[in-house]
Amino acid sequence: MSDQTPQQPDAPNAANPDFDAMTRDIAEVPAVEVITTVAVHLMSSAAVNLGLAEEGAAHKDLDEARKLIQALAGLVTASATEIGSYHAAPLRDGLKSLQLAFREASVVPDEPGQGPGEKYTGPVYG
């Protein structure tokens, strides 16, 4: 009998996953997909910080939401001509919804044209 523990042959190691098999090469991802993915992440995070998610009050942080909406507005505005109206239109709609939600969530709402991202999008009215 041997004192050694038998080794499993080439069992997948959970501590060292094969990332090459799990992800695409970033060079293969079209720019429009990267831009829209980033925009969706910014939208989701802003919505959570506006308190629009489940248990919203626990995560509400308007300062963080303002930063995220500002970044989203810059991204959407700057990339709109590059990604085309097919992709930009829903991003603009989502951005406007977040800007209006921010105004509604604020104790003292910003004047039209002064809210987050409005220096890029112009004044937002409901």
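Let's start with helix α2, which has 19 residues and reaches 27 Å from its first C-alpha to its last, close to the 27 Å expected at 1.5 Å a residue. That expected span is 1.5 Å times one less than the number of residues. Before we go on, please keep in mind that this is a predicted model, where local features need pLDDT of at least 70, side-chain atom pairs count only at pLDDT 80 or more, and totals for chains, interfaces and linings use all residues. Residues are numbered from 1 along each chain as its sequence is written, and side-chain values use heavy atoms, with hydrogens and water left out.

Now the overall picture. The protein has 5 helices and 0 strands, so named because helices (H or I, at least four residues) and strands (E, at least two) are DSSP runs, numbered from the N terminus. Along the sequence the pattern reads α-α-α-α-α. Of its 126 residues, 29% count as buried. Here buried means under 20% relative accessible area, exposed means over 50%, and partly exposed lies in between, with a 1.4 Å probe and protein chains only.

Back to α2. Which residues in α2 are buried? They are Ile 35, Thr 36, Ala 39, Leu 42, Met 43, Ala 46 and Asn 49. Seen down the helix axis, these buried residues fall within an arc of 150°, so they line one face of α2. The arc is taken from the directions between the helix axis and the C-beta atoms. There is a handy rule behind this: an α-helix has 3.6 residues a turn, so residues three or four places apart point the same way. What covers the buried residues of α2 includes α3 (56-59) and α4, and a contact means heavy atoms within 4.5 Å. After α2 comes Gly 51, whose phi is positive, near 85°.

Val 38 also sits in α2 (residues 31-49), but this residue is partly exposed, with a relative accessible area of 40%. Together with Ile 26 and Val 34, Val 38 makes a nonpolar surface patch of about 250 Å². Patches are made of residues with over 30% relative accessible area and no salt bridge; like charges are joined within 9 Å, and nonpolar side chains (Val, Leu, Ile, Met, Phe, Trp, Tyr) within 5 Å. The areas come from the Shrake-Rupley method with a 1.4 Å probe, and for residues only the protein chains shown count as cover.

On to charges. How many salt bridges does the structure hold? There are 4, each being a side-chain nitrogen of Lys or Arg within 4 Å of a carboxyl oxygen of Asp or Glu.

One of them pairs Lys 67 with Asp 63, with the closest N and O atoms 3.4 Å apart. The two are 4 residues apart in helix α4 (residues 62-105), so about one helical turn separates them. Lys 67 is partly exposed at 48% relative accessibility, and Asp 63 is partly exposed at 45%.

Another joins Asp 110 to Arg 66, at 2.8 Å between the closest N and O atoms. This pair links distant parts of the chain, 44 residues apart: Asp 110 is in the loop between α4 and α5 (118-121), and Arg 66 is in α4.

Glu 118 lies in α5 and Arg 103 in α4, 15 residues apart.
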